[in-house]
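Have the model open in your viewer, with the sequence panel beside it. The tour below goes from one selection to the next.

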Amino acid sequence: YPSICFFEGTDISLGRGTPNPFQVFGHPALDPSLFPYRFTPRSVSAAPNPPQLNILCHGRDLSGIPLEELRTWNRIRLDYLLEAYTHFPDKSRFFINFFELLAGTTALRHQILAGVSQEKIRETWQKDLDSFRKIRSKYLLYPDFE
C-alpha cells in the first residue's frame, strides 16, 4: 500500500469493491493495451461507494509481487503514480484536492505536472530526510538500519 497510497488523492481506483483492494489500481480512461489488468469496483459492505463504481477499469495488479521483492524496495515507489499520470488522458482530472494532504505539500504535484523523474523527486527529499535522521538519532533505542 505505501507505494500506491498517493492514488487516494487522484481519480484512480485502488480496487475498493474488488477481491484485491489496495493491491490493484486502475481507471476506465487508461489504455487497456498499456494497462492490461481489468477490474470493476462493486458496492460491498467495506466500500459501499468506491471510486469508479460499476465501471470497468484498466490498470495494474500488484498482488502477485513476492513479499521478498517488496522487502527489497525499502522505500515508496513513485513509478506507478508517474506512469498512471503520464498515460491519463485528461490530466486536469487526475488529481483531487486530497493529494496535498497525503503528500504534505504542493511540491510533489508540481513535480509530477512538470514531468520530473522519480530519481529527481527523491533528490529533493534528501536534505529534509537527512535533517530528520539527525534529530531522530537522539531518540533511537536500537541501532538504526539502512
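Contact, as used here, means heavy atoms within 4.5 Å. The model is a predicted one.

Start with helix α5, residues 118-137. Select Gln118, Ile121 and Arg122, which are the buried residues of α5. Now show what lies over these buried residues: the cover includes α2 and α4. Next, look along the helix to Gln126, where α5 bends by about 40°.

Move on to the largest nonpolar core, which has 24 residues. Select Phe7, Ile12, Phe25, Tyr80, Phe94 and Ile112; these touch the most other members of the core. Two elements, α2 (79-87) and α4 (107-113), each give two or more residues to this core. The element that gives the most is α2, with five residues.

Leaving aside neighbours within four places in sequence, its contacts are Phe7, Gly9, Thr10, Asp11, Ile12, Leu81, Ala84, Tyr85 and Phe88.

For the last stop, go to the loop between β1 (24-27) and β2 (37-39) and select Leu34. Is Leu34 buried, exposed or partly exposed? Its relative accessibility is 37%, so Leu34 counts as partly exposed. Not counting residues up to four places away in sequence, Leu34 touches Arg60 and His87. To finish, draw a C-alpha to C-alpha distance from Leu34 to Leu62: they are 15 Å apart in space and 28 residues apart in sequence.

Terms used:
Residues numbered from 1 in each chain as written. Predicted model: local features only at pLDDT ≥ 70, side-chain atom pairs only at ≥ 80, totals over all residues. Heavy atoms only, no water. Core = buried A, V, L, I, M, F, W, Y, C linked by side-chain atoms within 4.5 Å. Buried < 20%, exposed > 50% of the residue type's maximum accessible area, 1.4 Å probe, protein only. Helix = DSSP H or I, 4+ residues; strand = E, 2+ residues; numbered from the N terminus. Expected span 1.5 Å × (residues − 1). Bend = angle between axes of the 7 residues up to and from the residue.
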